[in-house]
Amino acid sequence: MNSSLAVSASHIRHQFADFLALNDVSFEVQRGQTMALLGHNGAGKSTLIKILLGLLKPSDGEVIVLGQQLQHSGQRADLKIGYLPENVSFYDKLTGKEILSYFAALKGVSKARVSQLIEEFGLEYAQDRVLKTYSKGMKQRLGFAQAILSEPELLLLDEPTVGLDPVASQFLYGKIAELKLQGCGVIVCTHELSLIENNIDIALILAKGESLAKGSLSELRKNSGLKTRLTAPNLATWVAQQPRLAAYYADDALQLDIESKSEMLQLLMSECQAFDFSLKEPALAEIYHFYMGQCAQLEVVS
Ligand SMILES: Nc1ncnc2c1ncn2[C@@H]1O[C@H](COP(=O)(O)OP(=O)(O)OP(=O)(O)O)[C@@H](O)[C@H]1O
């Protein structure tokens, strides 16, 4: 068993009555790695998270979480998993501090850690207020504090930044980065692609229960064939000087694939003495839409 893996899922299939929610999904997340779990509404993301939590037994396939094979529904890997559900719902007559203290007691975590998290998450001023007076963002911060109470080795986050302001979202991803450095594997399910883009190592894109694409951002970019755009104020002049650039010139930019990028950059710098240009790699959102579009096209053809 590979101890550097936080999760290893092989050929997961899950059937709800006559509906196939997951079909042959396989992926791995290393300890210290963050994976974005992406897909349209109903793609199967929450179903997969429930399987990793041991709340749902897959109809088929093998799941190993933190070195432990999950076999039965209801079997939790252990307390080393932190989980933030999509809709945080705690008993709303308890105060924020009471809620965290309750989970701390369940997980054998000290009261000092509860106070530390309340302070770090900027909830000191509201810690003695009942939950029903909390805003959506405050509840989300409390939910995230609950998820990382016991310093988890695997963190599963379902839409963690919904309701958070930009500063709070940045704080959350900063916290995730700290946990990663301690070797925590992280899976984030989200539709907020621009927010997560700079905070992930790999992504798994699901559509209709199937794995459409997976890999690092650069692997996904390469496999999609999407181009990097190079723009510059003098670009048209350089293209006129160097006919080899013309083959890549479209839409006021050089449209470069992985193979042509370094060659054309070298040409620009050595032959045109060009240093004033900007490069724009395909964003995660573009990559996502590309794969979703491909999936739709396949359906039309079949
Ligand atoms: N208990 C259930 N019984 C029957 N079908 C279910 C059940 N739970 C989920 N499904 C179906 O399985 C599919 C995948 O649902 P899931 O909640 O995993 O999607 P999701 O990717 O998390 O979607 P969203 O982005 O909307 O949260 C959906 O078509 C859903 O209706």
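How do α2 and α4 lie to each other, roughly parallel or roughly perpendicular? That was my opening entry for this predicted model.

**Helix pair.** I looked up the axes of helix α2 (residues 96–107) and helix α4 (residues 136–147), and they come within 10 Å and cross at roughly 20°. Angles under 35 degrees count as roughly parallel, so α2 and α4 are roughly parallel to each other. I also noted the hand: α2 passes α4 in a right-handed crossing. On the α2 side I found G96, I99, L100 and F103 making the contact, and on the α4 side L142, A145 and Q146. Sorting the residues of this contact by class gave me 5 nonpolar, 2 polar and no charged.

**Ligand shell.** Next I listed the residues around the ligand: F16, F19, A21, G39, N41, G42, A43, G44, K45, S46 and T47. Two or more of these residues come from each of β2 (19–30) and α1 (45–53). My note on α1 says that it gives the most to the shell, with 3 residues. By class I have 4 nonpolar, 6 polar and 1 charged residues around the ligand.

**Sheet.** Then I turned to the strands. I traced an open sheet of 4 strands in the order β2-β1-β4-β5, with antiparallel pairing. Because β2 and β5 (68–70) stand at the edges with a single partner strand each, one side of each is left without a neighbour in the sheet. Neighbouring strands here are turned by 20° against each other on average, direction ignored. For a closer look I picked β1 (residues 5–16) and β4 (residues 60–65), which pair in the antiparallel sense over 5 bridges. Last entry: S10 stands opposite E62 in β4.

Methods
Residues numbered from 1 in each chain as written. Predicted model: local features only at pLDDT ≥ 70, side-chain atom pairs only at ≥ 80, totals over all residues. Axes fitted to C-alpha atoms, helices over the stretch in contact; angles between N-to-C directions. Parallel < 35°, antiparallel > 145°, perpendicular 65-115°, else oblique. Left-handed = near helix turned anticlockwise from the far one by under 90°. Contact = placed C-beta atoms within 7 Å. Nonpolar A, V, L, I, M, F, W, Y, C, P; charged D, E, K, R; others polar. Near = placed C-beta within 6 Å. Pairing = 2+ DSSP bridges.
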